[in-house]
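Please keep the sequence and the model at hand while reading.

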Number of protein chains: 4
Amino acid sequence: MIKVTIYNEYKHELEDERIAAVYPKGIHGCIADFLSADGDMEIKTFTMHNVEEITDEVLKETDVLIWWGHCAHEAVPDEVAARVHNHVMCGMGFIALHSAHFSKPFIKLMGSTCSLCWRDGDRERLWNIMPSHPIAQGIGKYIEIPEEEMYGERFDVPTPDELIFLGWFRGGEVFRSGCVWNKGLGKVFYFQPGHESNPTYHIPEIQRIITNAVRFAAPCYRLPQIDCPNVSSPEADM
Amino acid sequence: MIKVTIYNEYKHELEDERIAAVYPKGIHGCIADFLSADGDMEIKTFTMHNVEEITDEVLKETDVLIWWGHCAHEAVPDEVAARVHNHVMCGMGFIALHSAHFSKPFIKLMGSTCSLCWRDGDRERLWNIMPSHPIAQGIGKYIEIPEEEMYGERFDVPTPDELIFLGWFRGGEVFRSGCVWNKGLGKVFYFQPGHESNPTYHIPEIQRIITNAVRFAAPCYRLPQIDCPNVSSPEADM
Amino acid sequence: MIKVTIYNEYKHELEDERIAAVYPKGIHGCIADFLSADGDMEIKTFTMHNVEEITDEVLKETDVLIWWGHCAHEAVPDEVAARVHNHVMCGMGFIALHSAHFSKPFIKLMGSTCSLCWRDGDRERLWNIMPSHPIAQGIGKYIEIPEEEMYGERFDVPTPDELIFLGWFRGGEVFRSGCVWNKGLGKVFYFQPGHESNPTYHIPEIQRIITNAVRFAAPCYRLPQIDCPNVSSPEADM
Amino acid sequence: MIKVTIYNEYKHELEDERIAAVYPKGIHGCIADFLSADGDMEIKTFTMHNVEEITDEVLKETDVLIWWGHCAHEAVPDEVAARVHNHVMCGMGFIALHSAHFSKPFIKLMGSTCSLCWRDGDRERLWNIMPSHPIAQGIGKYIEIPEEEMYGERFDVPTPDELIFLGWFRGGEVFRSGCVWNKGLGKVFYFQPGHESNPTYHIPEIQRIITNAVRFAAPCYRLPQIDCPNVSSPEADM
């Protein structure tokens, strides 16, 4: 049983009926639904309206935290971002979706600006350049996304430990759309598709990737905290 | 002409005469001296006593910032750490020495805890595992450091982009002692040797490495700031 | 059920009774035994005496190939090395043990000389620097190996995709003792311990690492061959 | 003075007058011309008609070897490829251009199939995703290449140490078009643009990249050969 916590800002869906029409149960509801359908996942969701309830207790019981945010990154208290960061250090998986590239926890994990260039309303072809990776299982050479927000290079993130997907956009840009980093003891996956006004999270292959990523990022090792010990010499014991 | 700024906490040297005996002009003075001797370097130094004077103006005029801190990391205001981070994003080089693994700017750049294990008073042999790297020029197979503080794995940092030196300690530990990361547009080099009570920065090979690192980390490209632009399609122009 | 093929040169054990005393069933027999004990592994073994029987048919039915060789690398025909290489490209896992750093398939996979420095009869402490990695599960901070052949840097291999273990040797050297590379669609793991005259493969933690590595390197994706297709434009279909 | 050796197959130019019209002096002549114009470069050229003259003596006197080949890879003797490989191990730089992805020396260096998908006659936009890299100096956000052969993912090469350029193709593909690997003591740069029927090497930004790459790949450290020494313990000397 993998314990998944989903944070979705949940602002667009409440304020704009066109977005609500795409995601009637919120983006978090959509993700929760397809993950549940995959079996043996236990799912909790949070939004900006109760973000401070993402406590240490919740995170201790979370294998993988999925994060979607866009225009209300500031509504997330610094303490929550620090808490999330700390649990990733200890082994919790973290999946940042789309505009979460600018979320507080992701920026703190990357240690860089995470900037990019962008344009609403383009067509994307998502190339699978590491088909042997667990996250890419069940995915063919590429996925067509009929409409998606363009995110283009230069994406200011550290060198990914694994680069799995490259995005091609009709308008002329490319993007490192699926990247893995080992941070502390945790695995971090950034995945670019998922603009709120496009039904991207309804596409079966996109659901497959996120589901695969949850399984991949679930920790096989976790510590209660990371310390910096003064140690005696192992040689002293020999 | 490379413009180097050195920050040294400068607390041990003022408070403990044994440390002052090792570094009569402060660690910053020692580093400034050997860098100057290499020619075409223009050097400024700062300490915890005027750390807030590390302004944007100073950093704009800095190619490479060297940082040494140990027991007064908290004396560095968050704004100064944020400023340093921002200039690294824009291209400034950053060299973190020894206990600067726990300095605010380095932690912010790494996005991880930077923890390790440690023990005072050991013997180190520093292995050069990437002799073709610019930072390793003039260095043989290894360097003997008769007495140094042991820093041991697990060093909780992201995967280095380049791993140049590995430390061997008589007491039984190993350490990734010389690592490079590309962060934003800047180059970051962490170098483990340099405990305040040991005359490590007087060793010619250590001076050579730090001098090489300054030349390596000096930017060939720099931007005034990193933005996240909404762009029109390059294809629209075709 | 993971299908494992083990190649062991099997020369020392037949020619030197001291080696035979350490590995009465051969190194391959020892490895086969502890892997079998882990359950759901189907194991085949080959030696230099029937190395040409490692055919395409055998490799097609192999998830992970383990390779131990030392003084008879030349007894392996180039065609067998090419065959192994080709199957790794297509997804087969490959684990090179100890002196297999100089085996034909490993050198072909690395594309570098794989040279190192060495000395018989030392004491090793194997540090686990990536405790969150699947291969490191069940392993503590370090493993003591009372006697082992020293392999020291510089190890001339490409930058590992994942660096899991660092070896410390009493004689003064360090080594990147456990490394992972993604090569083609296959995973390659190099693991340094295992000199024929030392009972290293009888140490439970070493057995745990090799068993973990087999599970890690078993492919989740595999192709019958890698081609270089002339393709029509995906855009032509839009 | 950087000593550059250029190998160009020089078959298309002799056999097809349309290609000769694009590169009247051969691709090697074109590259030699723009490199010479940059100053302090000493250039030798070889073709398939005298490829066996690329001797150890020539390679010893070569800082960087540039390689262009397409339909006559087999005309390069295995010994020449082995010789080139060996000199890269010792520190010589190697730049593989376009269809040299399938050249013998490049395949040997990569240790993978180097396959890709391709289509003649497309439009490319080459994105500069690492503007701080020495190879990218003087290059803007992207370069337009009006007509170029499409090379598309999956490009079967090991994880690049540095990924500098990403290619976008009008037909719908993406490609890791500019990659650096450290191999042995040498630096290897692969650069995708440069189909024989397109005037790509006449584009000033392309010339700038190749010139930068020569300066970057020129060795600062080189050994006559790589050995695998049996060493006494450094500790034995203490």
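This is a predicted model: local features need pLDDT of at least 70, side-chain atom pairs count only at pLDDT 80 or more; totals for chains, interfaces and linings use all residues.

Residues are numbered from 1 along each chain as its sequence is written, chains are lettered from A and ligands numbered from 1 in the order in which they are written, and side-chain values use heavy atoms, with hydrogens and water left out.

**Interfaces with chain A**

In the table, contact means heavy atoms within 4.5 Å, and buried area is the accessible area (1.4 Å probe) that two parts lose on being put together, summed over both.

| Interface | Residues in contact | Buried area | Share from carbon and sulfur atoms |
|---|---|---|---|
| Chain B with chain A | 39 residues of chain B, 39 residues of chain A | about 2,700 Å² | 54% |
| Chain C with chain A | 22 residues of chain C, 22 residues of chain A | about 1,900 Å² | 55% |

Of the area that chain B buries against chain A, 18% is supplied by Gly111(B), Trp118(B) and Cys228(B), more than by any other three residues. Between these two chains there is 1 salt bridge, a term for a side-chain nitrogen of Lys or Arg within 4 Å of a carboxyl oxygen of Asp or Glu. Glu235(B) forms a salt bridge with Arg170(A), with 3.7 Å between the closest N and O atoms. The interface of chain B and chain A also has 21 residue pairs in polar contact, both residues being at pLDDT 80 or more; such a contact is a pair of N or O atoms within 3.5 Å, where within protein one must be able to donate a hydrogen and the other to accept it, and residues adjacent in sequence count only if both atoms are side-chain atoms.

Across the interface of chain C and chain A, the rule finds 2 salt bridges, and the side chains of Glu235(C) and Arg123(A) meet in a salt bridge at 3.0 Å, N to O. Polar contact is found there for 2 residue pairs, both residues at pLDDT 80 or more. Strands S5 (117-128), S6 (142-152) and S7 (162-169) of chain C each give two or more residues to the side that touches chain A, and S5(C) gives the most, with 3 residues. Strands here are DSSP runs (E, at least two residues), as helices are (H or I, at least four), numbered from the N terminus.

**Nonpolar cores**

A nonpolar core is a set of buried Ala, Val, Leu, Ile, Met, Phe, Trp, Tyr and Cys residues joined through side-chain atoms within 4.5 Å, where buried means under 20% relative accessible area, exposed over 50% and partly exposed in between (1.4 Å probe, protein chains only). The largest core has 80 residues, and those with the most contacts inside it are Trp67(A), Phe94(A), Phe106(A), Trp67(D), Phe94(D) and Phe106(D). Apart from this core lies another, of 78 residues, among them Met150(B), Val188(B), Val58(C) and Ile129(C).

**Two buried residues**

Gly69(C) sits in the loop between strand S3 (64-68) and helix H5 (78-89) of chain C, and it counts as buried because its relative accessibility is 1%. Its C-alpha atom is separated by 6.0 Å from that of Ser99(C), 30 residues apart along the chain. Leaving aside neighbours within four places in sequence, Gly69(C) is in contact with Glu9(C), Ser99(C) and Ala100(C).

Lys104(A) lies in helix H6 (residues 104-110) of chain A and is buried, with a relative accessible area of 17%. Not counting residues up to four places away in sequence, Lys104(A) touches His73(A), Glu74(A), Val76(A), Pro77(A), Asp78(A) and Ala81(A).
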